[in-house]
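Trainee: Could you take me through one part of this model up close? I'd like to follow a single spot slowly.

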Amino acid sequence: MIQKLIKKFSMHQKELTKEVLLKRKDALDTVIKRRFIYQPAFAIYGGIAGLYDYGPVGCAIKNNLEQYWREHFIIEDDLFEIAATCLTPEVVLKASGHVDRFTDLLVTDSKTNQGYRADKIVTETLEKKLATDKKLTEEEKLEIEVILKNVDSYKEAQISEVIAKYKIVATETGNELTPPQPFNLMLPTSVGPSTKVSSFLRPETAQGMFLNFPRLLEQSGYKLPFGAAQIGLGFRNEIAPRGQLLRCREFQMAEIEYFVDPQDKTCKKFNKYRDLELPLLSKQDQKQLLDPQVLKIGLALENGIVGNETLAYMIIRTYLYLVEIGINKDNIRFRQHQDDEKAHYSQDCWDAEIETSSGWVECVGLADRAAYDLTAHSNATGQKLQAARKFKQPEQRNVVDIKLDKAKIGKELKKDGTVLMKHIESLSDEDRQELFDYFQTNEQKEFQIEGLKIVLNKNLIQFDKKVVNVMEEKFVPHVIEPAFGIGRILQAVVEHSFRQRDDPQKTYFKFSPKIAPVKVSILPVIQTEEYDELIERITKSLKKQGISCKTDASGVTIGKKYARTDEIGIPFALTVYGDSLTQDIVTLRDIETTKQVTIKIDQVPNVIYQLSNNIIKWEDILKTYPIYEQQESQMDILVFFLYLILV
């Protein structure tokens with residue numbers, strides 16, 4: 001059933017490859033610029049790389065993508081939407097690990113200091129070598145292909161080795177490159193005129209949801225699982241922004257933090273989709289340089305390829321969202337992070353990648369982040385970010401109470417002692433038990449907290465272990481996180497939706513009606529005041545239903561009017577002509593087939609609403625309404641000649 005729905009509502013194109021997309025990219029970029037879909041910001045001042053403005057068309061598409069994201073995820077899965085601040089104090093991002101680890105590897109031109117992202121300059125150089133060096137042996141080609149597959153996850157030493165071996169130099173000058181160094185991607189600022197609290201523009205929206213976990217837990221009735229969602233701006237000081245919206249310094253994100261019991265990551269809705277086939281590129285297949293396998297998601301879960309049901313469900317819902325907004329289904333794959341690529345705390349991680357003219361681009365990250373984030377903020381603040389498993393009957397549990405010698409800890413460890421005590425006091429019951437067990441055989445323990453290494457001696461801590469009857473058990477929830485890059489998705493949608501007719505100069509966008517910038521245009525065949533009242537009536541009836549529309553009552557030919565609205569992807573057009581005045585009808589035109597049907601004006605709002613929301617398809621319209629034979633009415637001909645005489 002799900003597979004049939006995908007087939008019905010997908011904007012599928014056969015053989016839509018990177019090469020095909022590249023061939024039409026110049027024509028697409030011309031349209032993007034001319035119709036101001038999106039353009040570099042501050043252009044009259046020369047612009048700043050990585051910053052883009054959306055024009056009316058682009059802004060409408062972005063808003064529709066976000067609104068459908070809300071419908072698809074927030075409404076469908078009963079998520080709590082919040083809006084947290086962009087300004088984030090350094091202490092928060094220190095605890096989350098961003099201050100120390102949110103980096104890319106930077107290499108610079110040894111003479112000009114021009115910076116390059118290390119993995120990207122390696123990729124560009126080796127791709128060019130692979131394409132042009134005819135002397136490469138099969139073994140050498142295979143070695144380069146392995147590097148290209150894995151360079152994203154290389155550390156400093158590996159990148160340095162590749163740069164040295166292949167004599168990779170600065171692109172513009174041919175100068176040698178400096179050794180790769182970590183470069184923090186966050187944009188710093190300060191808050192307040194006097195205190196100047198050290199802060200950053202947030203690199204992601206996630207932290208606001210973690211910090212508000214206690215309030216969100218209360219909103220859920222203290223029950224798991226539940227999810228929080230947020231759409232908003234993120235900021236990253238990219239080393240080398242490129243690819244238009246693919247790598248920006250300010251960008252729109254949509255993220256979900258789905259909190260689950262670590263002992264129960266099942267999902268009630270999963271069985272509905274278990275037979276859905278998805279293109280999965282597992283870490284094992286990547287090691288063998290294999291292509292993605294199309295597998296039923298239920299089978300992938302049973303075979304341990306995907307970590308758990310909730311993560312699998314989020315992968316499914318992501319795939320359906322991408323297909324329904326107009327991404328070509330054959331150009332989507334889910335790539336699993338390899339062990340040396342994923343974060344140390346991540347239990348499983350996948351990227352939804354979309355093939356574009358720039359190759360395969362990560363557009364959605366889906367990760368099982370375990371309890372890392374809530375634990376990190378608990379350790380930093382001393383606040384217990386925990387949930388509870390409720391028992392129907394009292395159950396006996398071994399409870400470990402901890403007593404710290406705070407005076408001695410303060411004397412011996414100074415400021416580090418305060419950090420350590422906050423950390424220990426925020427431990428869950430399970431962590432307290434682990435600490436008790438550890439000290440049965442060890443005299444001291446080293447803690448790593450907020451980037452500090454703090455050693456606690458056994459003589460500074462005491463344990464009181466007892467058996468008690470409890471009605472609940474405290475634990476730190478795990479988090480499943482899908483994170484969407486709205487700009488990247490928008491650019492992919494625009495690329496996949498772009499079409500050229502038999503005359504390449506005649507272009508149009510075959511957008512999914514749900515995300516089209518305007519749903520329908522209203523086009524009188526000629527410019528005359530006789531149609532004004534009727535056009536106003538149609539416009540009011542559409543807007544009353546919340547349907548966006550655009551009228552072109554200029555004096556150009558109807559063919560030019562169609563071309564104008566086609567060029568910005570308005571999927572449907574209503575043509576007002578002579579018979580509209582006498583028979584209360586208009587024609588309804590489809591952007592792709594250019595076929596038209598005749599329809600009563602009173603039926604227009606309901607039909608456009610159903611088409612715009614994928615309730616019905618154009619094929620259904622052709623079966624229901626009479627095909628319009630394109631013959632000018634006598635009234636249109638008369639009015640047209642009068643118009644020419646007057647002009």
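Let's take two helices: is the crossing of α7 and α8 left-handed or right-handed?

Mentor: Happy to, and keep in mind that this is a predicted model. The crossing of α7 and α8 is left-handed. To find the pair, look for helix α7 at residues 118-132 and helix α8 at residues 138-150. Their axes lie 10 Å apart, and the two helices pack at an angle of about 155°. Angles over 145 degrees count as roughly antiparallel, so α7 is roughly antiparallel to α8.

Now for the side where they touch. From α7, the contact is made by Val-122, Thr-123, Leu-126, Glu-127, Lys-129 and Leu-130. Facing them from α8 are Lys-141, Ile-144, Glu-145, Ile-147 and Leu-148. If you sort the residues of this contact by class, you get 6 nonpolar, 1 polar and 4 charged. Leu-126 of α7 and Ile-144 of α8 are among the residues making the contact, and both types count as nonpolar. Glu-127 of α7 and Lys-141 of α8 also take part, and those types count as charged.

The structure holds 1 cavity of 30 Å³ or more, and about 40 Å³ of space lies in the largest cavity. Helix α15, residues 372-381, gives the most to its lining, with 3 residues. The lining residues include Thr-375, Ser-378 and Asn-379, along with Asp-431 and Val-476. By class, that lining has 2 nonpolar, 5 polar and 1 charged residues.

Conventions. Residues numbered from 1 in each chain as written. Predicted model: local features only at pLDDT ≥ 70, side-chain atom pairs only at ≥ 80, totals over all residues. Heavy atoms only, no water. 1 Å grid on protein atoms, 1.4 Å probe; cavity = no way out; pocket = protein on both sides within 12 Å on 5 of 7 lines; lining within 4 Å. Points joined across faces, edges and corners; volume = space filled by probe spheres on them. Helix = DSSP H or I, 4+ residues; strand = E, 2+ residues; numbered from the N terminus. Axes fitted to C-alpha atoms, helices over the stretch in contact; angles between N-to-C directions. Parallel < 35°, antiparallel > 145°, perpendicular 65-115°, else oblique. Left-handed = near helix turned anticlockwise from the far one by under 90°. Contact = heavy atoms within 4.5 Å.
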